[in-house]
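Hi everyone, thanks for making time for this. Let's have a look at the model together, and please stop me whenever you like.

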Amino acid sequence: MSLDIASISSISESNMDYTATISLRQRWTDPRLVFHGNRSFTLDARLAELLWVPDTYIVESKRSFLHDVTVGNRLIRLFSNGTILYALRITTTVACNMDLSKYPMDTQTCRLQLESWGYDENDVTFTWLRGNDSVHGMEQLRLSQYTVERYYTLVSKSQQETGSYPRLILQFELRRNVLYFILETYVPSTLLVMLSWVSFWITLDSVPARTCIGVTTVLSMTTLMIGSRSSLSKTNCFIKAIDVYLGICFSFIFGALVEYAVAHYSSSQKCAAKVPQEGPANKITKEMEDVNITNILNNSITSYKQKISFTSIEISSDNVNCSDLTTKSHEKIKCVLRNKMHRIIGYFTIQNPGNVDHYSKLLFPLFFMLVNVFYWAYYLYF
């Protein structure tokens, strides 16, 4: 048996199949058809109904048809030793299980399997006529997204409940051309990330400019992500390599927008802190003064009662308001705690908001380059 691959018209990732047009050539020997002479005869295709032919079918075929324009594309040639050459031109759509985790840097392995439907291995034997040389046309195939890396033929058996059936396998590897996706997706997403870094060179006071750059890049990145997934709408269950890269780019763009929000908020807080106002320290000082004056008066009255004793004059310590003193002490404790909380918050407060943009100019490009190195090394070499 031999194959001539005329074309592979389409390879569908969403349907997990490929469509190919092949010329299937089968040879077998029938002793009943031996005749004298060295000539061979080409018979009418309608005589195939009068001859014994193998019941070959294509395994995992979703739909197939035999070409019949302008007549049925079949060939029957009879040789003097009883050998029959039977050729068919078929277009078939065959299932191909694909692993899209590395899309678009993936390599897919597909199969074209031929098997006997009713005759088991005791009745018929399938063999390739010349091994790998039995397959023609694979080197000349030109596909839109793929390049044929290599192909090879196998001979196997299929174990079924009704017996063991012979099977021939053509296995070929297809490597996807990544250049199209680099120009279509990777370069635009990378440029959007670089565009988001422009905001680091704009002053913090330019709120409309920096906000416009951040929101525009986020929306553009979202549109790019939706467009890349629309072509593979039925394979969204896969976390593909292109999805990982787009997610990384979106994270950096969103991080640039958050960076401006943090820097602008810190700058606003610093400006508000410069406005003169009665702070907690002033309140504590006044309360300390009130407490000290009360203590002085209380001590003076006590000493005065000890030194002067008049029956007509009675000095009572009830004149000192102790409840006010207790209230002042509680307020002092609250102010001290509040002051400590302000100090703790001050440790996490950005003292110089201008440094945020200064460090971002260096850190964002550096981390993006490191992530790209790990990304391409992993998906190209592992």
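Let's begin with Ser23, which has a relative accessibility of 18% and therefore counts as buried, since the cut-off is under 20%. Keep in mind that this is a predicted model. Ser23 sits in strand β2. Leaving out residues up to four places away in sequence, Ser23 touches Ser2, Leu3, Asp4, Leu88 and Arg89.

Now let's step back to the whole chain. There are 382 residues in the protein chain, and 36% of them count as buried. The secondary structure comes to six helices and eleven strands. If you take the contacts between residues at least 6 apart in sequence, 75% of those join residues at least 24 apart.

In soluble globular proteins, nonpolar side chains tend to be buried together. Which residues touch the most other members of the largest nonpolar core here? They are Ile5, Ile8, Tyr18, Leu112, Leu170 and Phe172, out of 65 residues in that core. Helix α3, residues 241–273, gives the largest share, nine residues. Both domain 1 (2–176) and domain 2 (180–271 + 370–381) supply residues to this core, so the core lies between them.

Let me pick out two of those core residues. Ile5, setting aside neighbours within four places in sequence, is in contact with Thr21, Ile22, Leu112, Val135, His136, Gly137, Met138, Leu141 and Leu170. Leu170 is found in strand β11, and with a relative accessible area of 1% Leu170 is buried.

Next, the aromatics. How many aromatic pairs does a search of the whole structure find? The search finds 22. Take Tyr18 and Phe172: their ring centres are 5.5 Å apart and their planes are at 85°, so this pair is edge-to-face. Tyr18 belongs to strand β2 (residues 17–29) and Phe172 to strand β11 (residues 163–176), so the pair ties together parts 154 residues apart in sequence. Both Tyr18 and Phe172 are buried.

A second pair, Tyr245 with Tyr375, is tilted, at 5.1 Å centre to centre and 50° between the planes. Tyr245 lies in helix α3 and Tyr375 in helix α6 (residues 354–381), so this pair ties together parts that are 130 residues apart in sequence. Tyr245 is buried at 3% relative accessible area, and Tyr375 is buried at 5%. These two tyrosines also belong to a cluster linked by ring pairs, together with Tyr186, Trp376, Tyr378, Tyr379 and Phe382.

Tyr186 brings us to helix α1, our last stop. This helix covers residues 179–196, 18 residues in total, and reaches 25 Å from its first C-alpha to its last, close to the 26 Å expected at 1.5 Å a residue. Where in α1 does the kink of about 35° lie? The kink is at Tyr186, shortly before the proline Pro188. As for burial, the buried residues of α1 are Phe181, Thr185, Tyr186, Ser189, Thr190, Leu192, Val193 and Ser196. An α-helix has 3.6 residues a turn, so residues three or four places apart point the same way.

That's my tour, and I'm happy to go back to any part of it.

Note on methods: Residues are numbered from 1 along each chain as its sequence is written. This is a predicted model: local features need pLDDT of at least 70, side-chain atom pairs count only at pLDDT 80 or more; totals for chains, interfaces and linings use all residues. Side-chain values use heavy atoms; hydrogens and water are left out. A nonpolar core is a set of buried Ala, Val, Leu, Ile, Met, Phe, Trp, Tyr and Cys residues joined through side-chain atoms within 4.5 Å. Buried means under 20% relative accessible area, exposed over 50%, partly exposed in between (1.4 Å probe, protein chains only). Helices (H or I, at least four residues) and strands (E, at least two) are DSSP runs, numbered from the N terminus. Domain bounds come from an automatic or database domain assignment. Contact means heavy atoms within 4.5 Å. The expected span of a helix is 1.5 Å times one less than its number of residues. The bend at a residue is the angle between axes fitted to the seven residues ending there and the seven starting there. Rings of Phe, Tyr and Trp (its six-membered ring) pair if their centres lie within 6.5 Å; planes under 30 degrees apart count as stacked, over 60 as edge-to-face and the rest as tilted.
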